[in-house]
Amino acid sequence: MEVSYDKESRKIVQAIERFARKHSLWVLAYGTGCGAIEVPPTMTSRYDAERFGIRGAATPRQADVLLITGYLSVKTLKRVIRTYEQMQDPKYVIGFGSCTINGGMYWDSYNTIKLLDMYIPVDVYINGCMPRPEAVISGFIELQKVIAEGKAEGARKYKENLDWYRANQQKIIHNWNMPDYNW
Amino acid sequence: MDSSTWLKILGYIITPITAFVVGVTYGGIVRVITARVQNRFGPPITQNFWDIIKLYSKKTAVHHGLMQHWGPVFAITASVTSLFFIPVLKDSPLWLNNSFNGDIIFLLYMMVFGSLGMALGAGQTGNPNSAIGVARGLALMVGYEVPFVLALVAIMIQFKTTSIAELMAVQDGFSNWLIFQSPFAFIAAILAFLGMMHYAPFDVTFAPAEIASGPASEFGGKYLALMQTSGSIFTFAKLVLFTDIFLGGAGDLVTLIVKTFLLYMIPVLTGIVNPRYRTEQAITFFWKWPTVFGIIAILIVVL
Amino acid sequence: MEVKLQVENEILDKIKHTFHSAEVSIPRKQRVEVKLRNDLIHPFLAYLKDTLGFKHLSHISTVDWLEENEIELVYIVMNYDNLVEVIAKIRLDREKPEIPTLREFWPQIETYEREIHEMYGVNFLGHGNLTDFILEDWEGIPPMRRDFDTVKYAKETYFNRPGREDAQDVRTTITKKSGEEIPELAKVYSVRHLE
Amino acid sequence: MEFSPVLYIAIPLFAAFLIPLLGKVSKTLVKLTPGIVFLYLSYGSILLFPKAMEKPIVQVVAGFKPPFGISLYYGATAAFLITMVTIVGFVIWLYSYKFIIREPIEKYYMLFMMLITGSTGILLTGDMFNMFVFLEITSIAAYSLTAFLRDKDGAEAAFKYLLIGSFSSTFYLLSVMIIYSYTGTLNFADIAGKIDLIPPMAKGFVLVLVLVGMGIEAEMFPLNGWAPDAYSQAPSPVGAVFGGIVVKAGLYAMIRIVFLFFKTPEVMQFLIFMGILTLLIAEMAAMRQHQIKRMLAFSSIGQMGLVIIALGIGTMGSTSAALFQMFNHALIKSLLFFAAGYLVFHSGSKQIEDLEGLGYDKPVTSFFFAVGALAIIGLPPFSGFWSKLLILVSVAKAGDIAILLLILTGSVIEAIYYLRAVVKLYTRKEVPDNVRRTPISGLVAMGILAAIILYVGLYPGVIEKWLAPAANNLLNAADYIKAGLF
Amino acid sequence: MISVPVILSVMFLGGVLAWLANRFVPKGASWTAAIIAAFAGYLVFALPSCGGEYTLALGSITLVWKSTNYSALFAMLVAVLGFLGILYSMDFMAGKKNLGYYYMNFLFALGAMLGIVYSQDLVSLFFFWEVMTWSSFMLVIYSGEEKSHKAGIKYFAYSAIGAYLILSAIVILYAQSNSFLLSENVKMFSGMSLGTQIMVISFLALGFGVKSAMMPLHVWAPEAYKESPSGFTAVFSGALSKMGIFGLGLVVFKFAANTEFFVYVRETLAWLGGLTAMLATFYAVIQSDAKKLLAYSSIGQLGYIIVGLALGTPLGIMAALFLTIMHGAFKAMLFMSAGAVYMRTGTTSLDDVSGLITKMPLTFLTALFGIISVAGIPPLGGFISKWMLYQALLETNHYFLIIVIFIASTAAFLYLYRFIFSLFLGQREKEFEHVKEVPWSMLVPMMLLTLFVLVAGVFPGLVLDPIGKAMGYLGNFKASWEPQVVFSAWGEKINMQVIAGTIGTIFILGALFIGFKNRKATRVVSTKDIHTAGEIPTENENLTYAVNFNQPFERAIAPILKWSVDKLFNLLGENLESTFEYLRYVYTGNGQTYAMYVILMVVILILFSGSIFGIHL
């Protein structure tokens, strides 16, 4: 039984939904790299990210935002992909620090990836090595804007281009023993 | 159908909605207060509404089987049913619902219904954290039920009734409130209430940093939303129950809200400033002083 | 500056007395360096631990002597009583580096050995748990060996963000700026592929 | 044809002399003879039993009237017990038919017949000295049967039996002498009338001698040391003979004398006390036995203790219950010995441990053992239930709750060790293929016993209606005197 | 004309028939037994509730059998559960050895239970009691393994003690009243001396208490329940242990009610029952075997029943009898589902089995309804009995007993959840990947009982009707209930239809909502797909948290668990046996010793004949 709205009410519902999504960002901080240390100050009294409705989520099932806080080694990437796929749509990814953008200081490492958005769709990058909490919050506000515009469609992108992403992922993860998620 | 039937049906619709709104708003206020205590600004009071709407608006939902699918339904059934069997406002046909068909003992068991349903749902996910949370939660329940039941027994014996409505009728006038008539029962009950609300120091069931929010760890989207809805309603239901029993109930909504809010602040403020007990510590806590208070309450009634 | 190395000398004497083939020296205060035959590392560490009281295993370090076709294992053990460190060095064949495990002396050595196995390809016999440690499913030359070309590997394996042209070789840039010479060694194994 | 009680003694005796002669002719004839004897005796029982129940038949042997002549007293009690002996004897014969394969079988049957002679003699005689004679006959036959297998253990057991048994005879003979010296008569009925002629001191001495002497035969604690060895070392049917016949006869003799001459409250109390001791100690000892036949022997002692308690209560109800229990015990214990005999034979070991798994390998024999065990514990619907119930009722009526509880304690222990053995039988274990089978005659013997046990269990009235006259006969000394002296 | 002997002979001859059938027809035993049980069940229901009287004279003893309202209640329970148990056994036991033996003893046990409830005289009561004991003992040792034999011996030993206590009470009564008739004894009981009264009541209560596993006489129960085949365990716990309750009902209301110390009897029993409920629950919490857990749960539930009976108020008795029926149903369900799991997986260990819900959904449903009912959660049958029990406790001012009971019933959630979680929820072991649902003949009894539990919960009047009549037999009790509403003594009422309607409506609404919201985007995933911080569980890894599940609670109650009755009894048993061992050495096997005994005996008797016989030498 599909509930059908007329156009006007659909718009209103969408607006409410977007507003709610924008104001309620539950963050799954995947604590890789040095960025993990920047998250606690962001969340606690000094910078108080809860003002923006940002708060931590314990598990990927509950979370909206996946925060990749730094470089990802091949081993961690595998876990990140799994975690990302366990999250519920709509879901957003924030790449955090230059390591996620272009490899940063690990550009010639034999074991870290250098381009996060080749493996999972990233909505917002926050540059810096490391970005300070102010920058992090600004990144989140940017994400809120993207959500409000309805452009944060990472999950859909991932779903549509799954083969491409899989090919990229499997290029470096040789032993692909992950369960099938029926995308 | 005559007007009273319509009034009753209206009551069935209005009561849960009110409970939801009040419960969620309380949740928001709690978050603000917590933030202020921690020297933060805190989210807007409406934050919990946005959270719940967002969870409802999630596009996908994943479950691990029928029991997880129905787990939140069990929870909401328990909370709404309990609410329906608690007289919300004194002498108001709109707010009394089914309260004459059940009583305190029924409510004690009805409250478990949801926990057990949720526990079954959490169990089916296969997540060890959920099961650990459930084991802790059930054990904790055995702990806090003891002083709670002692307090209730003291009151039930004193007034020779198990009906909440009759207990409310007993407490007309400020000085007749049971909090003054049998203070020890109130102390035992309120200490049990701390455990019942799962705020620190008795938040070992959900312990986010430890077992990834325990039973809820595999719930997301609509399931989590329904759980939070039922949680809000349940919080309100428990508060109303305590108000009815100890604070003389309420004749109008404003009084009710004031009384429930004040009552709610006890576990909340305790929770903010306390660390966490381990399960067996919590159980032994409940079986020590609160139980003693409960026994004193009974002895006072008996002697 | 005259330093009294009484304790160190005592230890040196004892070691020399027991292990005649060991080359023992005292590089500095509180340190004794021993070069051993491969097969003696086991009895040697046992002797240190049980007789001389070197209870603590600080670390195992590894050096890849590519030119000499050898891999050097450096065991660092320490005595809490006199705070002397003994550094025991053995050299393994680089083609087939094998040495018995020391798990029965220090159970925590498992971790070091796993890492060395993964990074240098040293096979610790009797270890029992030489599975993947940090790298998963690594194929090819162990990454810490000097004949492994990390830049080339990274370029081939991972995507590079276009537009980062300066992402060449930090060392070249630095030498350009400072005018220093790149050591021959580094040139051969690092710069060669960049050219 | 008129059947005379004297034939109960004469026919087995005749058969006992005939059997060795027949052995020269044919082994089969030897084997068949006891069967014919028992069938004939049963026929006699059918004829005489109802009569004896109404009025005791007193028969004078050798022409003199009592108290001078030797008289046979076939009263209700004797009739009851002799019928029991006949049934058990018949079944034992049937069982022995294939079980006793060791030569010389004619010797076995001869001794068996002599033992029957002695037992019926003890039960029938109305004369104290004759009782001694029959006692000796029984005992000597029993000693020989104990050592029938002619192995070391059997010989040792027989020697112990002989040692203790000679005490029994001696003491009994002494008491006969003392009584005769004061009263000048040997007839029970006559003595009973003249018992006051004996001075108290001698009377006490006689009492002690009789109690100890006959207590040995009746397996009273602590005089029963011979029993476990004799039971377990003798061939299995002989165990049944002891449990079913010899001990019953001994007990009858003791009780007859005590009831006739010394029926004072103190003596009865003493009997109860000894009965309890016998019961409890025997049951406890049985609990710790590892050999099945020793276990059965101790259980037998315990049961006798129970009977002694019931007799010691001395009321009408308790005495009849005791007779019922004697009857049941004779049958059930025979069944158990029969089954145990073949189980031991099949497993090749006397240890209970080694019986494991036989329940599946030899189902019928094991089944009979289980039936026997359940019956002797006193579980319905077997006959043991009723006799135990009646004993308890009579004890309760006598008002002694402590005795009641002690009896029940003994019963609990008994239940545990019997079930242990049964359960051992039915523990699943791979048993090597055993081609030996229980022969049909053995199964028939057990089947008859089991059928009787079950039948009596379902219709206890069959036996119960004979109990009252039998008990009356035993209790009522005045009637005995009247009948015994014409 | 249907009368009691007809029913009994159907059962007992049927047992023999089943045994014979097994010898000649393959599968004959199960069909014969099922048909006989069904037929006997029909007869039990067709028997007029105050009729079928039959007198049988056995020698000096007269046996009287009659159906009363009280016995009809228990007879129905026995007949229904017996039939369902046999139906369940048809496939459960298929292919096992010695089926004739199994069904014979099964039917014997059923017949004996019917015999007990129909007995109007003490001898036949005891007679059938013993038959019941040994036939159930035979079933406990059915598997023929060492463990089952140990359990069997233990069971039998305790039963024997209990039975002999009953027997001694019976003979004491007989000694006073000269009659075995129940009615005669009841009539004359108040005239007996105080000592007799105390003795009879305590012996009877202890004897029946053993069967109903009252603490501290429960020791036999866990192992016996565990070792018996599940088809029978359902009857064992559901009906057979209720014979103890049947007896206790008679003791309390027929005998003790006429004495001056009635109130002490009730208080003692109530506290024993309450402690039984609590401690047994605690022990159930720490079990790691499904059937043992259920066994302890059974002990605890019987504790509730004893409490209800001992309160002696109409509401209390009503609660007790209601719980008797309900416990028969739901414990049978749970044992049957545990048996179903055992049949498919070969184990009942809670640590080893998990995640069977998708493989055995109907079994799971049975277990679910079972645990909800045991827990006393509305609207199923368990709740109304608990409610009545609490009301009865409140009205009789048992302030502290109510707490004990409440702790027990709350702690029950722990083990109940553990039971269902460990067996059915969580991740499935790889070896159970090909497990199938059990056959229909096993599902039918489970489903029927499930339905019954539901119906009895919503329409308690259906069950309260025969209970009300039974209470009339026990004494002049008037039950206070209407078809929908149950009243307490204080005038509280509870309307189960409103409750069930509310719960049902909200649940259906909720289920519809959650079902249709995002229906297309809702996915079921494998239980392996869980949040594990990204780590991937391998196929052989099972993350289900099942071992030591209730450890937090166990730690909290560690002081209580430290000393257990089992250990005490074991110690006692060992010491007794070693004492026996010493006594055994009275028989040294040495002829000289024996001769010495004889001489000593003579000497002692002669020396002390004065004091012993009153004759001075």
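A crossing of two helices is left-handed if the near helix is turned anticlockwise from the far one by less than a right angle, and right-handed if clockwise. By that rule, helix 1 and helix 12 of chain B cross in the right-handed sense. The model is predicted: local features need pLDDT of at least 70, side-chain atom pairs count only at pLDDT 80 or more, and totals for chains, interfaces and linings use all residues. Residues are numbered from 1 along each chain as its sequence is written, and chains are lettered from A and ligands numbered from 1 in the order in which they are written. Helices (H or I, at least four residues) and strands (E, at least two) are DSSP runs, numbered from the N terminus.

**Helix pair in chain B**

- Helix 1 (residues 3-37) of chain B packs against helix 12 (residues 253-272) of chain B at about 40°, with the axes 11 Å apart.
- Axes are lines fitted to C-alpha atoms, for helices over the stretch in contact, and angles run from 0 to 180 degrees between N-to-C directions.
- The angle therefore makes helix 1 of chain B oblique to helix 12 of chain B; under 35 degrees counts as roughly parallel, over 145 as roughly antiparallel, 65 to 115 as roughly perpendicular and the rest as oblique.
- Helix 1 of chain B contributes Val22(B), Tyr26(B), Val30(B), Ile33(B), Thr34(B) and Val37(B) to the contact.
- Helix 12 of chain B contributes Ile257(B), Phe261(B), Tyr264(B), Val268(B) and Ile272(B).
- By class, this contact has 10 nonpolar, one polar and no charged residues.
- Ala, Val, Leu, Ile, Met, Phe, Trp, Tyr, Cys and Pro count as nonpolar, Asp, Glu, Lys and Arg as charged, and the others, Gly among them, as polar.

**Contacts between chains**

- Two residues are in contact if their C-beta atoms, placed from the backbone, lie within 7 Å.
- Five pairs of chains touch, and chains B and E have the most contacts among them.
- The contact of chains E and D takes 51 residues from chain E and 58 residues from chain D.
- On the chain E side, helix 5 (122-140), helix 6 (146-177), helix 23 (565-584) and helix 24 (591-613) each give two or more residues.
- Helix 6 of chain E gives the most, with 15 residues.
- The chain E side divides into 33 nonpolar, 12 polar and six charged residues.
- Chain D does not touch chain B, and their nearest C-alpha atoms are 40 Å apart.
- Chain D does not touch chain C either, with nearest C-alpha atoms 42 Å apart.

**Sheet in chain A**

- Five strands form an open sheet in the order 2-1-3-4-5, with parallel pairing; two strands pair if DSSP finds at least two bridges between them.
- Strand 2 (54-56) and strand 5 (124-126) of chain A are the edge strands, each pairing on one side only.
- Neighbouring strands are turned by 30° against each other on average, direction ignored.
- Three bridges join strand 1 (residues 25-30) of chain A to strand 2 of chain A, and Trp26(A) stands opposite Arg55(A).
- Helix 3 (residues 74-86) of chain A packs on the sheet, and its direction makes about 165° with that of strand 3 of chain A.

**Hairpins in chain C**

- Strand 3 (residues 56-65) and strand 4 (residues 70-78) of chain C run antiparallel, joined by nine bridges.
- Leu57(C) has Val77(C) as its bridge partner.
- Four residues lie between these strands in their hairpin, where Asn69(C) takes a positive phi near 55°.
- Strand 4 of chain C also pairs with strand 5 (residues 85-93) of chain C, antiparallel over nine bridges.
- Six residues lie between strand 4 and strand 5 of chain C in their hairpin, where Leu83(C) takes a positive phi near 55°.
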